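Take a moment to look over the sequence and the model. Then follow the chain from its overall build to its details.

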Amino acid sequence: MVAKETQDKIFAESTNSLTLESSARALREKILNLESIISSRDGTVLSREEKITELNTKLEEATTRLRTEETLRRKLHNEVLELKGNIRVFCRVRPTLGTEIEPATIEFPDQDAEGKDITLFGASEKNLRGDDVTKKHAFTYDRVFGPKCNNDEIFGDISQLVQSALDGYNVCIFCYGQTGAGKTYTMTSKDGMIPQAVNQIYTSAKELEEKGWTYTMEGSFVEVYNENINDLLGKATDLDRKKLEVRHDKGKTIITDCTSMTLDGPEKMEEILNKASANRSVAATKANERSSRSHSVFILKLLGLNNITGEKSEGTLNLVDLAGSERLSHSQSTGDRLKETQNINKSLSALGDVISALASGKDGAHIPYRNSKVCFSLLLFISLASLRSLNTLSRTLGDVV
């Protein structure tokens, strides 16, 4: 009886032992499989880590190459613009307003090609033989914009110059023409050159952040009125009272005691334009019911720093809305308006002499900066004399007769 119980117990233990051995074998096989999977995954992780390291190296090389190419792009971009000419003249013809008499016939011979030519036809006259003769005057500019061209098309041609200011160059764009020609509209309307230039600069500056560049932007707005410089962003009570001076020292030009506003967003530009417009000197004449009686200059200083390469750039964009030239016989100005007109015409004539001398390209040629206080002030603080400046004269033609 005892022997049978012992035998049964031994049989049960043997069965349990076999079951445990079977479980142990299954577990060992599972462990081996898991070790194999882990080993395979370790290899994959190692391979991926090596690939990530390789990609990071390539990314760093590409980033370095991108920064190098950005420096090269800046150099080549501005060399191309200099080859096009440091002083260029654009002509814009605005459409005739409903209240105006149709001007002389104007043709644009190559508008579908380079768009550089414009031809004006005078009134028909009889010559000595009694034949009807129409005088024809042909002009060629660096670019001609017809009446159907909008501000976007015009900005497309100067946007490269705006980029140069961001690259660290001094850039100046003049808007010149008769009173009522549309200069202020071209420069300060919602889609004018000043708002578009600021928007482009913000967009470009944002794109350059990935290349290590950060920019600080400061804007000033002044007018030159009757030989005096006024701060259009200062107090209205200080106009014609507060004395501002232009100083040029060690390659830098500043206007003393001039208000400067930090442009921390494109929306700030509208605030600046509204304040400047409210303070600018305007008056009604026979030629224009709201004639700008001063030269206004928007000065945008751009300070750039590349935190990776240590490069620095310091550029200035000057956008100048000159007062309109006018004939006294047309505007019939008297009193204060007469004095303003005389000062405007004198300064514009002097400015033309300076630009003509600069455009001649003669080494050592006399540049008559001091022929007018206004002319001297304008040209000094926009750094036209700087050897690295890129300067464009934007000419607006309107009341062509």
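This is a predicted model: local features need pLDDT of at least 70, side-chain atom pairs count only at pLDDT 80 or more; totals for chains, interfaces and linings use all residues.

The chain has 401 residues, and 41% of them are buried. Its secondary structure amounts to eight helices and 16 strands. How far apart in sequence are the residues that touch? Take the contacts between residues at least 6 apart in sequence: 68% of these join residues at least 24 apart. The accessible surface comes to about 23400 Å². Carbon and sulfur atoms account for 52% of that surface.

Now go inside. The largest nonpolar core holds 39 residues. Which of its members touch the most others? They are Met-217, Phe-221, Phe-298, Leu-300 and Leu-317. Several elements build this core. The helices α2 (151-166), α4 and α5 each supply at least two residues, and so do the strands β6 (170-176), β7, β14 and β15 (312-321). The largest share comes from α4, with eight residues.

Phe-298 is then in contact with Ile-194 and Val-198, with Gly-219, Ser-220 and Phe-221, with Met-269 and Ile-272, and with Leu-317, Asn-318 and Leu-319. Another core lies apart from the largest one. This other core has 18 residues, including Phe-174, Ile-255, Ile-344 and Leu-351.

Helix α5 deserves a stop of its own. The helix spans residues 267-279. Which of its residues are buried? Met-269, Ile-272, Leu-273, Ala-276 and Asn-279 are. These residues lie on the same side of α5, because they cover an arc of only 135° around the axis. An α-helix has 3.6 residues a turn, so residues three or four places apart point the same way. The face turned away from the buried side carries exposed residues: Glu-267, Asn-274 and Ala-278. What does the buried side pack against? Its partners are the helices α3 (183-188) and α4 (193-208), along with the strands β7 (213-225), β11 (261-262) and β14 (295-306).

Together with Leu-34 and Ile-38, Ile-37 makes a nonpolar surface patch of about 260 Å². Ile-37 is partly exposed, with a relative accessible area of 39%. Leu-66 also belongs to α1. Leu-66 is partly exposed too, at a relative accessible area of 35%. Its C-alpha atom is separated by 9.9 Å from that of Glu-210. Along the chain, Leu-66 and Glu-210 are 144 residues apart.

Charged pairs come next. How many salt bridges are there? The count comes to six. One of them joins the side chains of Arg-143 and Asp-157, at 2.8 Å from N to O. Arg-143 lies in strand β5 (residues 143-145) and Asp-157 in helix α2, so this pair ties together parts that are 14 residues apart in sequence. Both partners are partly exposed: Arg-143 has a relative accessible area of 21%, and Asp-157 has 26%.

A second pair brings us back to α5. The side chains of Glu-270 and Lys-190 meet in a salt bridge, at 3.6 Å from N to O. This pair links distant parts of the chain, 80 residues apart. Glu-270 is in helix α5, while Lys-190 sits in the loop between α3 and α4. Glu-270 counts as partly exposed at 47% relative accessibility, whereas Lys-190 counts as exposed at 74%.

Asp-131 and Arg-129 form another salt bridge, at 3.7 Å from N to O. Asp-131 is partly exposed, at 38% relative accessibility. Arg-129 is exposed, with a relative accessible area of 71%.

End with a detail of the backbone. Most residues other than glycine have a negative phi. Asp-257 is not a glycine, yet its phi is positive, at about 55°. Where is Asp-257 found? Its place is the loop between β10 (252-255) and β11. Is Asp-257 buried or exposed? At 54% relative accessibility, Asp-257 counts as exposed.

Conventions. Residues are numbered from 1 along each chain as its sequence is written. Side-chain values use heavy atoms; hydrogens and water are left out. Buried means under 20% relative accessible area, exposed over 50%, partly exposed in between (1.4 Å probe, protein chains only). Helices (H or I, at least four residues) and strands (E, at least two) are DSSP runs, numbered from the N terminus. The arc is that of the directions from the helix axis to the C-beta atoms. Contact means heavy atoms within 4.5 Å. Accessible areas come from the Shrake-Rupley method with a 1.4 Å probe; for residues, only the protein chains shown count as cover. Patches are made of residues with over 30% relative accessible area and no salt bridge: like charges are joined within 9 Å, nonpolar side chains (Val, Leu, Ile, Met, Phe, Trp, Tyr) within 5 Å. A salt bridge is a side-chain nitrogen of Lys or Arg within 4 Å of a carboxyl oxygen of Asp or Glu. A nonpolar core is a set of buried Ala, Val, Leu, Ile, Met, Phe, Trp, Tyr and Cys residues joined through side-chain atoms within 4.5 Å.
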